[in-house]
Amino acid sequence: MNFLSVEQLTKSYGDRLILQDLTFGIDQGQKVALVAKNGSGKSTLLRCLMGKEPYDDGRIVFRNDISIGYLQQADELDPTNTIYQEVLNHDLPRLNVFKAYSKAVEANDEEKMAGLFEEVSEMDAWDLDSTIEQILTELKLDDSSKRIEKLSGGQRKRVALAKVLIASPDFLILDEPTNHLDLDMIEWLERYLSTSKSTLLMVTHDRYFLEVITDVIYELEDAELFKYKGNFSYYLEKKAEREEHQATTVGKARRQFKKELQWIRKQPKARGTKQKARIENFKSTKKVAQQNLQKDSLDIPTKMERLGTKILELHNIQKSYPDKPIINQLDYTFKRKERLGIVGPNGAGKSTLLKMIMGEENPDRGKIVIGETVVFGYYSQQNIHVDENMKVIDVIRDVAEFIPLEKGREMSAAQFLEQFLFPRSMHYNYVYKLSGGEKRRLKLMKVLMANPNFLILDEPTNDLDIFVLSVLEDYLRNFQGCLIVVSHDRYFMDKMVDHIFVFEGNGDIKDITGNYTAYRALQKDLHQERLAEKRAVAAEKKVEKPTTEAPEKKKKLTFKEQQEFESLDEEIVQLETEKEELTAILSKNESSSEELNAASKRLSEVVGMIDKKSERSMHLADCV
């Protein structure tokens, strides 16, 4: 059943063509992702679909009887509402009857409650209260009485996401849903969307999201749309095949173009039909021959200041705010080529540690020692200012005209821009004309152009497309200095870091050897330990001698349930091991396309099985 049909959609801004004759459809139940370079028109396309932006030509048709939920990058929340009021601020029959019944309960209006009872049952709205509580809890919006005007930007984004999910629409359209979510929230949302019955169209740069959730990927490139019927691994495989075929076609066209160009130069003005046809063919060949085949890869052998023996030392660092401790007695000495990732819930103090290293905040106790040869490059969205009225090339030239390379070579600011996917045609554009992702990329380039030997990156992947992320990963893979990165991008962390600081709350920081996958494996082990402790407590209760009072009746496990309970832990451990192996396969560049497809499909199954078995184990533990 077709939910969305788009025909010949065209959109331009002045003389800049954004979308050209796009035609595609989305069927019921499909999980679709839209990928493209920043500034290519992803968010514009979504706004056109939702009627929030006009388009030049074409036709957009949604099925009449479906509900649509739209999460956009800029929220439209009512600042006077509480969180609870805002997430229910929908004009939908199921939510309306639930709100009416809730008001009747609050007013103790038994007559109205009785009148609404049948409607609530017909709408299957009895479980809405628990659904709302679950979603708000998972998105860490526990104080639902807090007003929207009092929330931070990240909290507002999570309220907007909760609002869309609670509406449970038939068709979900999500623009960068993982922005401002921590790792736990992202993984919960991944599970939620994987099992949701809603049809899904989303824009996201989270590559694990694309791997596990999507079954169709559309790539928007040069105002055209390319369709791939599969997940992220399948997309990478088929995109490589398409580019290889395109390179062959362009190569032939260029050879043919040279021959035809010689002929066209020798000929007088066309007079015959054959000559006219040949000239038209020449124009078509020229168009193909002039296609850009530049690859999104980066290998810049920069020559940076060599790090000395003393780099960065943290001696007994302590930091707290009036309401909570942030860091308790952190001691650490950084070594050459250190690659540290930092994870933890929002507000745990990750960015505070970076600010203390950079001297923007002082520790309450302890000392930070920085080596004389260290040249920091510090990136965060807040600490870098770019004049909107400057030209793109001038922003980079303000930092340096050239970046030194090995063997005495240099790279100009213009060449550096091209390496980070700013073509020459954009160099003299004004900054205010750039998209949000392009502005973030430009800020990041300001940091890299200064040629630091110690990079500190605070959420560098937010709003960057998967193509720029690939370029950044290439750059950092070849980077010979030290690296500290705070990121909620799991794929990025798996590739970039070799150990992780985990901010666990209350000032506690744990150092884990390995990447993001190793961190999540440890968390799963802790979960198993908690289950084991709960089982031990239940076993102790079981052997306690009865008192003189009559024992309280409680539900007991059947023999079959007891057997299931005892085997679940081992099954979960085996599944976690398999998940790690599958994730490792997906992270390897040398894995074949067959291995990637098989691993991806199995990973989705394994994640679902782990969740179901963990929930079942907790349920049975409560009954012991």
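Guide: A residue is called buried when its relative accessible area is under 20%, exposed when over 50%, and partly exposed in between, using a 1.4 Å probe and protein chains only. The model is predicted: local features need pLDDT of at least 70 and side-chain atom pairs count only at pLDDT 80 or more, whereas totals for chains, interfaces and linings use all residues. Residues are numbered from 1 along each chain as its sequence is written, and side-chain values use heavy atoms, leaving out hydrogens and water.

Visitor: How many of the residues of strand β7 are buried?

Guide: Strands are DSSP runs of E with at least two residues, and helices are runs of H or I with at least four, numbered from the N terminus. In β7, Thr199, Leu201 and Val203 are buried on one side, and Leu200 and Met202 are buried on the other. For this strand, which spans residues 199–203, the number buried is therefore five of five.

Visitor: Which residue of β7 stands opposite Asp175?

Guide: Strands pair if DSSP finds at least two bridges between them. Strand β3 (residues 31–36) runs parallel to β7 and is joined to it by four bridges, with Lys31 opposite Leu200. Strand β6 (residues 171–175) also runs parallel to β7, through five bridges, and there Asp175 stands opposite Val203.

Visitor: How far apart in sequence are the parts that Glu53 and Lys11 tie together?

Guide: A salt bridge is a side-chain nitrogen of Lys or Arg within 4 Å of a carboxyl oxygen of Asp or Glu, and the structure holds 24 of them. One of these joins Glu53 and Lys11, with 3.4 Å from N to O. Because Glu53 lies in the loop between α1 and β4 while Lys11 lies in strand β1, the parts tied together are apart by 42 residues.

Visitor: Which helix holds Arg207, the salt-bridge partner of Asp489?

Guide: The side chains of Asp489 and Arg207 meet at 3.8 Å, N to O. Asp489 lies in the loop between β18 and α16, so its pairing with Arg207 ties together parts 282 residues apart, the place of Arg207 being helix α8.
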